[in-house]
Amino acid sequence: MNYRPTEDIDADPASGSPLALEIRGISKSFGRFPALNNVSLHARDKEFLALLGPSGSGKTTLLRVLAGLERPDAGEVRFAGEDFLSLPVRRRRVGMVFQHYALFRHMTVAQNIAFGLTVRPRRERPSKSETADRVADLLSLVQLDGLGGRFPAQLSGGQRQRVALARALAIEPSLLLLDEPFGALDAQVRRELRRWLREVHDRAGVTTVFVTHDQEEALDLADRVAILKDGELRQLGAPNEVYAAPADAFVYDFLGAACRLPGVVEGRRLTVADWETQAPADAPQGRVEVFFRPDEVMFAPLDGAGLAGEVKAVAVRGPDVRIECLIEGRLFELESRGAVVPNGVAPGLALRVKPLKPKIYAAKA
Amino acid sequence: MTAVGRPFSQTRLPGFAPLLVIASATVMTVLVLLPLFVVFSDAFSKGIGHYLAAITEPDAVSAMKLTLLVAAIAVPLNAVFGIAAAWCIARFEFRGKGVLLTLIDLPFSMSPVVSGLVWVLLFGAQGWFGTWLIDHDVKIIFATTGLVLATILVTFPFVARELIPLMQDQGSDEEAAALTLGAGGFTTFWRITLPNIRWALLYGVLLCNARAMGEFGAVSVVSGHIRGLTTTLPLHVEVLYNDYDFVGAFAAASLLASLGLVTLVLKTGLEWRHSGELSANRRH
């Protein structure tokens, strides 16, 4: 059941950038609960990698293993060729932004950001004025100029998040870890910070791993997305790759709105209700589940090809048209892009719905 | 149905409320204020000269010194113990955590006399280690060591009880953040953990100290009441009272009462200024 990356981890000649982070066979359980089961993945230098999954999928545990806050039961983590697991947390130079920011509440913003510099051994510690300069630079990078004297409790959620990021960047981390960086923010602030975070990443040029349960965020922001479920890696790939070719039914369902219907594949023939079409050569045989996106359909008259359906309701919602359609006794909410109702679609009419890019997965036993 | 529209915030005290207020004020006066008044009035009943003489006579002074000494040993030890126990319990999951929590509460639920008696049973002349201790000329019972042990046992829940809910509430993210930023264990404790719990720690230490100085039952069992040697201030009060030296007894008692008042003021001040940084169960 474990997903194996198709590319060889050791040799990666296709992309010019060298491998930074290699994770092999990591397993971790808490008591009897297995949080991670034999997870292997890697990130290239300066890559922005998303760990995407529902709650309980093990994504945060994996992040904490990378930070050194959890010790895995088995497996190996190498960073820039170095054995990461044998290094204590403080020697890993990992900048971590916690879900609830974990700002030091008794310190000012400036003291928070400077913390990583002030705890260095005396020989490596920058002077007071160097530290102050660095804090000022970081404050302007996260657009919080002039707020250095405030306490965390006096900041908004978005500002706290940026302080947490500045504090993590202050130690010039070789690896940046973000745990649900936008989890506690409202939708508006979230979208603004998303673009901005990507810019900061590109400017700082640091390999970044971030955890999220929001598929839109992951697909929008990351260079590659690792999808986890129940402690196992289900798929790893660029956002367009995983969206276009989900590895299994779970990934398909998780990455966006999905319609599903039972079907049967015999040879190269796929039958879904009264619709027959050609199945791809690699489709599983026998009872299958057929998935399609609600906006990837074509509407045709009854004598055309597709699934027989009956339109129940039509509503124009901003740029889209939402069409409620009864197919095989189930109500589907389909979408049509462009604020124009397609020809032949009106409440009460019978028609045919043809999925444009159906995906076929073996039915669960 | 008429009451439906009326918000609860506007409810007035019911008609018999003034009676309840008067009743509780009366009880408070009779049970708390009056005794407090009596302590001070009896202490000064023969004039300030007598009072000063009573609190400066050698036995009283040595009782005060002993009380301060016992508290000076027991309170810091219990502060350290309390921080360690709270840190273990709030930060880690382990087998037997429930048992440890129950054990920490034990001195609260057990009579102090028992807390004193256990030391006699262990280290007294007839106790488990009695013979060995006599052979090696180590005195625990009827000596300062016994007083300290009994006081530690009775007062050890105060700091731990105060810190556990707060540290559980705060979580370990800030400490984890400090570690990822390169801080070592000691730096993290000194610069992150301790500042976050400082007011709750002070609060716990205050209560612990008040109890350590005022403890009677447990200390009474192990003390042996040797005047000038093993009597703490509360025991000194009893000794004088039994000798019909009422002025002396009340003079010594007035010192304890003053200590209680000072503790009360400090405690209220802490609750007022730093309620947000005390345990959730103390927030008003």
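Predicted model: local features only at pLDDT ≥ 70, side-chain atom pairs only at ≥ 80, totals over all residues.
Residues are numbered from 1 along each chain as its sequence is written, and chains are lettered from A in the order in which they are written. Local features need pLDDT of at least 70, side-chain atom pairs count only at pLDDT 80 or more, totals for chains, interfaces and linings use all residues, and side-chain values use heavy atoms, with hydrogens and water left out.

**Stop 1: chain A as a whole**

Select chain A and colour by secondary structure. Along the principal axes, the C-alpha atoms of chain A fill a box of roughly 80 × 45 × 40 Å. Of the 365 residues in chain A, 51% are buried. Here buried means under 20% relative accessible area, exposed means over 50%, and partly exposed is in between, with a 1.4 Å probe and protein chains only.

**Stop 2: salt bridges in chain A**

Over all chains, the structure holds 35 salt bridges, each one a side-chain nitrogen of Lys or Arg within 4 Å of a carboxyl oxygen of Asp or Glu. Pick A:R190 and A:D214, whose side chains meet at 3.4 Å, N to O. The pair links distant parts of the chain, 24 residues apart: A:R190 sits in helix 5 (residues 187–204), while A:D214 is in the loop between strand 8 (207–212) and helix 6 (215–221). A:R190 counts as buried because its relative accessible area is 17%, and A:D214 is buried too, at 15%.

Now jump to A:R260 and A:D253, a salt bridge with its closest N and O atoms 3.7 Å apart. A:R260 is partly exposed at 31%, and A:D253 is partly exposed at 38%.

**Stop 3: the largest pocket**

Centre the view on A:R64, A:L69, B:R91, B:S172 and B:A176, which lie nearest the centre of the largest pocket among its 27 lining residues. The elements giving two or more residues to that lining are helix 1 (59–67) of chain A together with helix 3 (58–91), helix 9 (173–180) and helix 10 (185–214) of chain B. A pocket is an open set of points on a 1 Å grid over the protein atoms alone, where a 1.4 Å probe fits, with protein on both sides within 12 Å along at least five of seven lines; lining residues have an atom within 4 Å of a point. About 820 Å³ of space lies in this one. Colour the lining by residue type and you get ten nonpolar, nine polar and eight charged residues.

**Stop 4: across chain B**

Select B:R227 and B:D59, a salt bridge at 3.4 Å between the closest N and O atoms. These two are 168 residues apart, with B:R227 in the loop between helix 11 (217–223) and helix 12 (233–242) and B:D59 in helix 3. B:R227 is partly exposed, at 38%.

Next, find B:G269 in helix 13 (residues 246–273) of chain B. B:G269 is partly exposed, at 28%. Draw a distance from B:G269 to B:F129: their C-alpha atoms are separated by 46 Å.

Finish on B:V32 in helix 1 (residues 17–43) of chain B. B:V32 is partly exposed, at 40% relative accessibility, and belongs to a nonpolar surface patch whose other members include B:V27, B:M28 and B:F37.

Technical notes
Patch = residues over 30% accessible without salt bridge, like charges linked within 9 Å, V, L, I, M, F, W, Y side chains within 5 Å. Areas by Shrake-Rupley, 256 points an atom, 1.4 Å probe, with all protein chains shown as cover. Helix = DSSP H or I, 4+ residues; strand = E, 2+ residues; numbered from the N terminus. Points joined across faces, edges and corners; volume = space filled by probe spheres on them. Nonpolar A, V, L, I, M, F, W, Y, C, P; charged D, E, K, R; others polar.
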